[in-house]
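Please look over the sequence and the model shown here before reading on.

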Amino acid sequence: MKKIMMLVVAAMLALNFATISFAGATHKVMGEVVKAEGDFVEVKDEKGTIHKLHVDKKTTKQTGEIKAGAKVEAEADDKGHATSITAK
């Protein structure tokens, strides 16, 4: 009985940590800026997909000049808010 209870508790903890890791996950976007207007930057990746990123005061790291034609690397959340963006 103790072994079953320990397995149940271990499974619950594993699922709990898995849920936490997916919440607020970020993804990397690399490519060329095709449009920079106001708080929004559109980045075209190597596959041709355009990602619309929101860049504002909450974006913790902004390096370089973010303008059309610039090569950038950004970290963004699932809603498209850039947590960091760097022009190369």
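E32 and K71 form a salt bridge (a side-chain nitrogen of Lys or Arg within 4 Å of a carboxyl oxygen of Asp or Glu), and their closest N and O atoms are 3.4 Å apart. Because E32 lies in strand β1 and K71 in strand β5, the pair ties together parts that are 39 residues apart in sequence. With a relative accessible area of 33%, E32 is partly exposed, and K71, at 48%, is partly exposed as well; here buried means under 20% relative accessible area, exposed over 50%, and partly exposed in between, with a 1.4 Å probe and protein chains only.

This is a predicted model, in which local features need pLDDT of at least 70 and side-chain atom pairs count only at pLDDT 80 or more, while totals for chains, interfaces and linings use all residues. Residues are numbered from 1 along each chain as its sequence is written, and side-chain values use heavy atoms, leaving out hydrogens and water.

By this rule the count comes to three salt bridges. E73 forms one with K28, at 3.5 Å between the closest N and O atoms, and since E73 lies in strand β5 and K28 in strand β1, this pair ties together parts 45 residues apart in sequence. E73 also forms a salt bridge with K88, at 3.0 Å between the closest N and O atoms, so that K28, E73 and K88 are linked in a network of salt bridges. E73 counts as partly exposed at 23% relative accessibility, whereas K88, at 69%, counts as exposed.

Strands are DSSP runs of E with at least two residues, helices are runs of H or I with at least four, both numbered from the N terminus, and two strands pair if DSSP finds at least two bridges between them. Strand β2 (residues 40–44) and β3 pair in the antiparallel sense over five bridges, and the bridge partner of K44 in β3 is I50.
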